[in-house]
Amino acid sequence: MGLFGKKKKEQAEQAKTMQAEKKQAQAGQNEGTQAEGNRAKEKAYIRGAGGTIVTKSLLAGTSKLKWIFRQEEGQGNGWIAFGDTDTQEYVNDVKNMEIVDFNTLIDIEPAVANIFFMPIGSDLEFRSDKTGKYFVDTRTGKEIREAVKHPAQVAFEKNLKFLNQDIYPPEFFDALFTKGGKMDVFRAGNVDFPTGEVVLADPLAYLGTRYETVLEKRIPAGSYPVELSLCRSEIAGLRIAAARLVINDVPAVRYEIAMPKGKQREDLGKAGVFTFFGVDTGLACFADAQVSEEYRVFFENWQKENPGKNKYTDYFKTFFEKSYEAHPETQNPGGSFLEWSLPETGRGMVLFTSGMGDGIYSGYWGLDAEGEVVSLTAVFMNPEYF
């Protein structure tokens with residue numbers, strides 16, 4: 001980072017001392033710093049931005065932003081900023097440094113809002129000329145003139161483009177359900193199929209309605225386990241990347257997109273032919289068409305007995321919380337999946353969260369060497385992006 005490139009490790013040590021000073025400031029012994037903190041609270045450009053180390057020359061306005069870098073062992077969010085008049089001797093004195101909310105730095109130089117989400121290791125020079133205000137990566141020389149998106153947003157956008165393709169290689173599905181690295185697999189429970197007619201749906205919004213997706217292929221009547229592909233992402237947390245209905249333990253050698261009832265693969269691309277199912281509440285499920293109808297009747301009666309009540313908060317929420325208590329290592333607080341049975345019929349179901357949440361998703365039949373169905377997978381995420 002130019003002049004200050006060799007000071008990064010020392011800055012990490014200085015941060016400890018500055019943290020003590022920060023506590024004193026919060027106690028009222030440094031009114032100037034406290035005022036800056038209040039100002040940042042009033043203008044929260046980025047919520048939860050965290051603490052940032054800056055030189056007091058920047059805070060006082062006696063220098064203008066020149067260098068900014070982000071280190072892993074840094075205080076708060078890791079960002080450290082220097083002014084254009086700061087010298088090595090000046091920054092060597094910890095008394096010339098201060099910890100403020102990142103929003104305070106945005107107040108001083110609004111352009112820094114553009115680079116907040118850049119990764120650890122970023123090393124930038126700030127420039128202002130007739131072309132505008134921008135940053136230059138000191139390692140690559142690349143100019144940064146637009147707002148850098150949060151890594152999760154970048155991954156989310158890539159994922160949207162990836163989903164609902166007609167064909168994926170078998171290796172993609174194999175990787176989803178292979179333990180190792182950030183991937184894990186959990187068998188969440190069984191789903192009953194008294195008729196073998198398969199439905200994909202959001203259980204809170206569309207199951208039991210005309211908006212659920214009934215598939216053309218049928219499976220033998222029976223009860224089948226649901227396996228969840230768990231992705232422990234550094235940028236998105238624990239997510240269910242895919243869910244698989246295991247119909248036969250024989251490995252699949254190829255996959256094909258699941259067509260809706262009345263449609264064949266030859267109909268792909270035709271107007272009005274949609275292979276996906278919608279999710280509007282962040283939950284999805286596999287279900288039998290008969291069970292879907294039983295589900296509709298159950299909640300229709302429940303709603304009559306509980307007018308104004310919400311299907312999730314007033315019914316399912318407690319069940320999901322108990323599911324989390326039983327398996328806290330494989331889901332998020334509040335519950336990411338639930339094995340549940342209809343009270344009146346005892347038909348089993350498994351409800352699970354859909355990757356990054358709401359969207360449109362497709363199912364894929366896994367076929368063995370003889371072309372027989374061995375699985376049905378709903379894909380929510382490509383873990384490579386996360």
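Two strands count as paired if DSSP finds at least two bridges between them, where strands are DSSP runs of E with at least two residues, and helices are runs of H or I with at least four, both numbered from the N terminus. The model is predicted, so local features need pLDDT of at least 70 and side-chain atom pairs count only at pLDDT 80 or more, while totals for chains, interfaces and linings use all residues. Residues are numbered from 1 along each chain as its sequence is written, and side-chain values use heavy atoms, with hydrogens and water left out.

**Exercise 1.** Determine the strands with which β2 (residues 65–70) pairs, and its burial.

*Solution.* Begin with β5 (residues 123–129), which runs antiparallel to β2 and is joined to it by three bridges; here isoleucine 68 stands opposite leucine 124. Next take β3 (residues 79–83), whose antiparallel pairing with β2 comprises five bridges, with phenylalanine 69 and isoleucine 80 as bridge partners. Finally, five of the six residues of β2 are buried, that is, under 20% relative accessible area with a 1.4 Å probe, counting protein chains only.

How values were computed:
Buried < 20%, exposed > 50% of the residue type's maximum accessible area, 1.4 Å probe, protein only.
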